[in-house]
Amino acid sequence: MSFPSLEHHSDQQPLLPGKIQLRDDPKFAATKMAVFQYSAVVVFLFLVTGFWDLQIRNPEFYNERAERNRIKELPIVAPRGKILDRDGRVIVDNHSTWSLILSRENLKTEHLRQIADGLHLDYTDLYKKLQRYKNRPKYEPIIIKEELTPADMAFVEAHRDPDTFPEMETIESQRRLYPENGILAHVIGYTGEISESELDLPQYAKYNQGQIVGKTGIEREYNDTLIGVDGERQSVVDNRGRERELLGIKEAKPGRNLQLTVDLDLQVVAELALEGRRGAVVALNPQNGEVLAMASQPTFDPNKFAVRIKNADWRELTSDPGNPLLNRAIQAQCAPGSTFKPIVAIAGLETGSVDENTAFNCPGGANYFGHYYKCWATHGSVSLHKGMAQSCDSYFYGVGNKTGIDNIAFYAQQAGIGTKTGIDLPNEASGTMPSTEWKLRNFRQKWFAGETISVAIGQGAVTVTPLQLASAIGGLAAGGVWHRPHMTVAASKVEKPREWALNQENVKKIVYGMYGVVNEGGTGGRAKLPGIDVCGKTGSAQVASAEYEAAHKDVKDNAWFIGYAPCNNPEIIVAVLWENVGVHGQFAAPTARDVMKSYFDKKTRLAEAEAARVRTNPVAALNSAFLFRKLNN
Amino acid sequence: MLQSAGLKDFDWTMFFVVLIICGLGVLQIFSATHGTIWQGSWWKQLLFIAAGVLLMWLVAHIDYHALMTQVYPLYIASVVLLVVVLLVGKRAFGSTRWIAFPGGVHLQVSEFAKIAVILLVARFLTELSSEVLKLQDLLKLSAVILVPMALIAKEPDLGTALTYLPILGVGIFLAGLPWRYWTAIAVIALVVVTVGYGSLHSYQKARIVSFLDPERDPQGTGYQLIQSKIAVGAGGTWGKGVTKGSQTQLRFLPVPHTDFIFSAFAEEHGFIGVMVVMVLYFVLLMQIVQNAQTAPDRAGMYVCMGVGALLLFHILVNVGMVVGRMPVTGIPLPLMSYGGSSIWSTFLMLGLVNSVRVRRFVN
């Protein structure tokens, strides 16, 4: 019965009450039902292969992603080491703050603008920052704001719920606290987030994106010492980022403290003396190369860098004509002027070109090679001692002419002019010491004899940094022993000094000349200290030709003073540079005097205190004697 | 006419398969909800299932022909209730799907309206006078199905609305539709899809886009798909064990006791567990088809096949979503997902199948 008629159906067996008529024969669609069955098989195979693909072929891939969902690692930021002065006084400290990190795993880009607004961040900066992290693994969080204010914290707490901005997380971190007023700012430098270009350098290979590293100064030079090892907190979290279980904590290892050779007492004196000027002061101990003070003005506030520096602040610092980020003590390369004369003198004496009695006449200048070279005064007949004390140019024209540029250059280079001192600070400048070879190499030109005349008084192509000058003259005054200048106590014992067998008689003559500068009515009389033999040398160096200087009011001479004490076995040498002041170096002398005074005052004070302690306490006396013996061994 | 449905004629294979699937569902609901605000759900589900079995039993005793005489009132009542839902329904998760009854019971009318539609299609096709479907019949049938579909899509609940299509589809396929109509349907479907995409809600569009490329916005609309795939994949061969799946327990998986229950199940029971359940579902479907094949008349065959097609579609869309091969539509997995409406409507439909089965020797 392939096609039962409706009538037939209803006649035989009315299946349903009412008027519904149903066609019988359910078999008519047998093939189609088979088609349905096969379709079901296809659907089930389609689904099962889906599970096969995920569960049998790639379970590790998905398991790893499940683990990454589940386990959250929050960095525990290690505090950087403190920076101390030579007496252990804290110069740079840390303090705890809260930082905001964004977890990129549940970051929604459309939230960024509101988050930036809420935290008073620049949206473009924030966006760029996130772009920089694009290639990093997603589970690495990014610190987007440090030093959260109470208002920031309130914003975060109010908005970090799952429905608003669940990507926000706070972690405790350590912020650098630098001295106010920019004291020692150039030496210490500042820290900042590691940059793309730094990440490419081999010495930064061990650091990660987002890490805070030293950018300049001591912070950079001793980054490996100061930086700690960040810890980590590993926990199981749910989809809202709530911690369900703590898996483990790796404590952060703080960085090591770093002791500088700088004496804050001297540093403050140097900074105050420079205030309002452009220039630098360097004080070091020529007997061991320890830098006791190093100041550069104008300065800046490194605390602005401690948190991410605002673009506006950065622009202000970099566009300032005074260039406050420049560490003039090691980066200003200026003609040394008359402070170069002791080096010319030693070259003359050592080569035998002149002796202490060789005299030159100074009628206010001298003629060489058809050119008239002026002196700053009329000195009559001048030999070594008077030439040094009165800083007579005519005398040194004669010495230079007789000695010759290559001899001068040889001795100057021995003293360290024209090469970096190798101080443990980044980006030191080398200065320039010209010579015939130097000119040939750099200009492919012959040396003109007239140029020697200029170099003899520290002009022409010769340039030095204040540190270089202090080191050069200091080593010379110490009898020809040059210790590498350094900033940290740890670096003190590292290497042997550069020694050079000078005729000590000649050294004494130079020292005597510099004694005359200060004590015998010479140009550096203002550096005189009662009870202490101070030596020194003034200098005022043209920064351009005389004609150019006359035409431009803002281009003025640099003033130099270099002073040390005591004359024999000097313990401290101070170089002072005032840029573009247009006054003679004698006016810079009091700065050096003040620094030296504070050095000796402190020394006396400590000795008296120790004496008093020993007087009142016999046990201390014994200890003191023991200590004294130990120190001397 | 059969006077009483004998116990031995009841489809016991189907019954036990259904009970095992339901049992695994309850276990998974327990695992996925313990320690959460839904943690009592598993025993509520047990109550739903018990009530469902009772409903199935009762419906199996009713002659489906008797129901068919009432199909127009049933259909009209369903449409009216769907309108009522739109007017006074309870809103949740961005759509209005439920009618609240006294005693805290919420019923999803669209789940029950399916039954009326299955019966309607069966009766309509049985009453045809020709061997193949005529165009006007096709249009009539489409129109009566489009009314509830449109109302459900308006809730908006596109996923459930789409589940009405396989009922229509399998019906006209079995009734016999000339190939030129199939071509026409394909063309119309293409046009509707293209034009319809423009009128979709933005969340619906986002779901489709994120289905095509879930990694494009892993935190947004692609989130559910990605998390589901992670959960399934992390389950591996043997699974992480009951209450041990981190995706489920830490709630990275969205709604792990309702729409994504199979994802949670796959994480905790692995490929082996998945295979067991898939085989059970397949056996269930084959039992339904077998009942269709042995049905006493065309009406019974259409009823069984309507139920079968609907369940197959549910499984395809829901499980396909779980493995990332279908977009997120928010339709439940029959018998496993938590929820009274889904459980009851499924058991009612299985009751219909049994009603057909116990009357198979009528001729």
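Predicted model: local features only at pLDDT ≥ 70, side-chain atom pairs only at ≥ 80, totals over all residues.

Biologist: Why are helix 6 and helix 8 of chain B called roughly antiparallel?

Modeller: Helix 6 (residues 135–153) and helix 8 (residues 164–175) of chain B pack at an angle of about 165°, with their axes 10 Å apart. Angles over 145 degrees count as roughly antiparallel, and therefore helix 6 and helix 8 of chain B get that label. Helix 6 of chain B also passes helix 8 of chain B in a right-handed crossing.

Biologist: Which residues of helix 6 and helix 8 of chain B make the contact?

Modeller: Helix 6 of chain B brings B:Leu138, B:Leu141, B:Ser142, B:Ile145, B:Pro148 and B:Met149, while helix 8 of chain B brings B:Tyr164, B:Leu168 and B:Ile172.

Biologist: How many of the residues in that contact are nonpolar, polar and charged?

Modeller: The contact of helix 6 with helix 8 of chain B has eight nonpolar residues, one polar and no charged ones.

Biologist: Which helix of chain B gives the most to the side that touches chain A?

Modeller: That contact takes 48 residues from chain B and 42 from chain A. Several helices of chain B each supply at least two residues to its side, including helix 8 and helix 13 (261–293). Helix 13 of chain B gives the most, with 11 residues. By class, this side of chain B has 27 nonpolar, 14 polar and seven charged residues.

How values were computed: Residues numbered from 1 in each chain as written. Chains lettered and ligands numbered in written order. Axes fitted to C-alpha atoms, helices over the stretch in contact; angles between N-to-C directions. Helix = DSSP H or I, 4+ residues; strand = E, 2+ residues; numbered from the N terminus. Parallel < 35°, antiparallel > 145°, perpendicular 65-115°, else oblique. Left-handed = near helix turned anticlockwise from the far one by under 90°. Contact = placed C-beta atoms within 7 Å. Nonpolar A, V, L, I, M, F, W, Y, C, P; charged D, E, K, R; others polar.
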